[in-house]
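The following exercises are meant to be worked through with the structure open beside the text. Each task is followed by a solution that goes step by step.

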Amino acid sequence: MESRKEALEPTIKNRSPKLSLPQKQGQLFWAFFKVGMLGYGGGPSSIPLVHKEVVENYKWMNDDEFGDTLALANTLPGPIATKMAGYIGYKVGGITGLINAVAATIIPTIFLMVILLTSLSTFKDQQWVAGMAQAVVPVVGVMLAVLTWQFFSKAKGGLGWTGSIILVLASIMAIEFLGIHPGVVIFVLLVAAFIKKDKEAGNEKSGETS
Amino acid sequence: MIYWQIFLAFFIPGILGYGGGPASIPLVENEVVDRFGWMNVNEFSEVLAMGNALPGPIATKMAGYIGFEQGGVLGAIVGVFATVAPSLILMVVLLGILYKFKDSPKVKRMTLFIRPTIAVLLGVMAYEFFKSSYEGAGLLQTAFLIVASYLLLERFKVHPAFVIMGALGYGAVFLGGII
């Protein structure tokens with residue numbers, strides 16, 4: 001950890017020699033505030049924005065470090081954007097930086113969300129508000145259907161038609177007909193993926209996991 | 001204990017949603033609608049619509065709002081914490097170990113293996129939304145909204161926020177009894 005921090009220090013010093021702590025935290029906040037407010041379509045689509053701020057704008061990391069961090073974030077479950085914000089915030093400004101960057105990414109939009117939805121539900125009994133709520137349902141359905149197709153075609157790219165369709169049918173069986181909690185299904189798949197021997201890896205990059 | 005329930009409802013999707021926030025949407029729906037019954041499919045779709053119309057990460061917006069609905073400000077904090085903290089803490093703490101697995105084919109395979117399941121969950125949600133719209137707004141309106149929003153989003157690449165705003169306006173006028 002220490003060596004990593006030292007490796008980072010020169011880049012910060014080079015850019016701005018007498019950067020005080022509050023300034024650094026201010027920059028962190030502003031960088032991730034922009035990421036949160038400008039990233040549409042969820043966390044993964046805001047990764048290019050994080051890259052722009054962190055690598056190009058503030059130069060907290062170079063391209064390789066950023067790539068490593070992204071790969072690292074992908075080894076763990078959960079939202080991507082907050083993991084990136086938290087980790088980069090931690091590297092730049094310690095625990096305060098971590099909390100600062102995560103807060104800047106998520107709090108502004110949560111505020112908007114609560115304000116808009118609670119004001120919408122105060123007028124819930126109005127007929128035109130009911131109409132608005134109703135019209136939005138099929139539109140979200142379309143967005144989900146598009147997302148469904150994206151997930152399936154990405155699976156198809158890695159597993160092939162046969163593998164993907166077998167897993168799709170097995171998932172439908174388990175979740176819809178046997179009533180197994182989707183979390184259990186996913187957990188079993190994660191374990192299976194983890195303990196499976198790396199057959200192809202042996203040829204390409206031998207000894208990597210051994 | 002509502003805070004414990006909120007924690008569980010967002011901890012499970014957070015820890016199982018491999019591949020970022022959108023993968024955890026159907027898992028959140030499973031907890032919030034099916035398990036705890038805090039909202040029905042329609043209400044969930046409103047939250048999701050608003051989440052899609054606003055910028056920023058999806059999972060934390062949903063956790064923040066649903067947590068707030070159920071348990072006020074503290075509920076929102078619990079929901080967001082349960083979504084964000086476990087994986088973030090692991091990332092900072094397990095840095096060294098994770099570094100070894102970073103380029104391991106296992107990691108790619110884990111994301112890959114659960115994709116078909118996530119696709120099924122998302123597909124089921126889409127079906128539920130279409131069904132609920134058919135029951136509420138009728139076949140003609142539902143079909144029109146599906147075709148129109150699909151063309152706008154995918155063919156003409158209109159920003160989702162505008163499509164949702166358009167749908168809200170359309171609904172207020174044509175489904176809300178103004179005409």
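**Exercise 1.** How many residues does the contact take from chain B, and how many from chain A?

*Solution.* This is a predicted model, in which local features need pLDDT of at least 70 and side-chain atom pairs count only at pLDDT 80 or more, while totals for chains, interfaces and linings use all residues. Residues are numbered from 1 along each chain as its sequence is written, and chains are lettered from A, with ligands numbered from 1, in the order in which they are written. Two residues are in contact if their C-beta atoms, placed from the backbone, lie within 7 Å. The contact takes 95 residues from chain B and 86 residues from chain A. On the side of chain B that touches chain A, the largest share, 27 residues, comes from H6(B). The residues on this side of chain B divide into 61 nonpolar, 26 polar and 8 charged, where Ala, Val, Leu, Ile, Met, Phe, Trp, Tyr, Cys and Pro count as nonpolar, Asp, Glu, Lys and Arg as charged, and the others, Gly among them, as polar.

**Exercise 2.** Describe the secondary structure of chain A and the crossing of its helices H3 and H4.

*Solution.* Chain A comes to 8 helices and 0 strands, with helices (H or I, at least four residues) and strands (E, at least two) taken as DSSP runs numbered from the N terminus. Two packed helices are described by the angle between their axes and the distance between the axes. For helix H3 (residues 47-57) and helix H4 (residues 63-74) of chain A, the axes come within 11 Å and cross at roughly 140°; axes are lines fitted to C-alpha atoms, for helices over the stretch in contact, and angles run from 0 to 180 degrees between N-to-C directions. H3(A) contributes A:Ile47, A:His51, A:Val54 and A:Val55 to the contact, and H4(A) contributes A:Asp63, A:Phe66 and A:Leu70. By class, these are 5 nonpolar, 1 polar and 1 charged residues.

**Exercise 3.** Which residues touch the most other members of the largest nonpolar core?

*Solution.* A nonpolar core is a set of buried Ala, Val, Leu, Ile, Met, Phe, Trp, Tyr and Cys residues joined through C-beta atoms within 7 Å. A residue is buried if 20 or more other C-beta atoms lie within 10 Å of its own, exposed if 12 or fewer, and partly exposed in between, with C-beta atoms placed from the backbone. Of the 108 residues in the largest core, those that touch the most other members are A:Val136, A:Val139, A:Val140, A:Leu144, B:Leu122 and B:Ala167. Helix H5 (residues 80-122) of chain A gives the largest share of this core, 17 residues. Leaving aside neighbours within four places in sequence, A:Val136 is in contact with residues of chain B, including B:Ser45, B:Ile164 and B:Ala167.
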